Amino acid sequence: MEELQNNIGYTFNNPELLRVALTHSSYANEHKSKNIPCNERLEFLGDSVLSLVVSEYIYKNCPDFPEGELTKLRASLVCEDSLYKFAKQINLGNYLILSRGEQHNKGAQRPSILSDAFEALIAAIFLDGGKEPAGKFILRFVIPEIKAYKKHPAKDYKTTLQEIIQKNPGEMLEYVLVGESGPDHDKHFVVEVHLNSNVIGRGGGKSKKQAEQQAAREALGLMGY
């Protein structure tokens, strides 16, 4: 708990809130007789806090964006893929409290479980310290994403990358599937983008197309775009 609090830059006045945020429903079900609360209610609240903080920030800091573009940007920031990535940045999976079955099935690595836990963590910070620390925590992750979005608002990173590479005749761009995990209803794909057989980006998503977009996005970032 102490290590995680150091990672997130927030110390809880009520550590029990943090414990609940980390407790998956599978663990609570496994110990029904003890009436252990899980993080589902916190997840519900965290989703709303996240949406409010992101909406307020982009409204104030993206004055040139029309309503449709604001909606698109917010959706990209609060989706499962983004929350999964944010959760991995703080190694949230290392601290989750899961049932033996979920541990065996590598639940701590599943995008759906990690993204839900991230929202629950937001709610725990909000309940413990209020909107200010919750907002500070959220913006730590979303501000870099907003800056990247402003550079490529269409979010078609593959097309952008292809256009850049085509300026240099003879360069070969290829997307390679390097990982696939999870049950059929919750698949996660990992793709690398290769430039002349050299890896220049890596990304994950619930579909191969999403993973390819994220790989292209990382490549663009490394190239300074």
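Colleague: Which residue is the bridge partner of Y175 in strand 2?

Modeller: V193 of strand 2 is the bridge partner of Y175. Strands (E, at least two residues) and helices (H or I, at least four) are DSSP runs, numbered from the N terminus. The model is predicted: local features need pLDDT of at least 70 and side-chain atom pairs count only at pLDDT 80 or more, while totals for chains, interfaces and linings use all residues. Residues are numbered from 1 along each chain as its sequence is written, and side-chain values use heavy atoms, with hydrogens and water left out.

Colleague: How many bridges join strand 1 to strand 2?

Modeller: There are eight, and strand 1 runs antiparallel to strand 2 (residues 188-195). Helix 10 (residues 157-165) packs on the sheet, touching strand 1 and strand 2, and its direction makes about 145° with that of strand 1. Such angles run from 0 to 180 degrees between N-to-C directions, with axes fitted to C-alpha atoms, for helices over the stretch in contact. Contact means heavy atoms within 4.5 Å.

Colleague: In what order do the three strands form the sheet?

Modeller: The order is 1-2-3 in an open sheet with antiparallel pairing. Strand 1 (173-181) and strand 3 (198-205) are the edge strands, each pairing on one side only. Two strands pair if DSSP finds at least two bridges between them.

Colleague: Moving to the largest nonpolar core, how many residues has it?

Modeller: This core has 47 residues, and those with the most contacts inside it include I8, F12 and F137. Helix 8 (111-129) is one of the helices that each supply at least two residues of the core. Helix 8 gives the largest share, 10 residues. A nonpolar core is a set of buried Ala, Val, Leu, Ile, Met, Phe, Trp, Tyr and Cys residues joined through side-chain atoms within 4.5 Å. Buried means under 20% relative accessible area, exposed over 50% and partly exposed in between (1.4 Å probe, protein chains only).

Colleague: And where does helix 9 bend?

Modeller: Helix 9 bends by about 40° at L139, the bend being the angle between axes fitted to the seven residues ending there and the seven starting there. Among the buried residues of helix 9 are F137, I138 and F141.

Colleague: Is K106 buried or exposed?

Modeller: K106 is exposed, with a relative accessible area of 54%. Its phi is near 60°, a positive value in a residue other than glycine. K106 lies in the loop between helix 7 (100-104) and helix 8.
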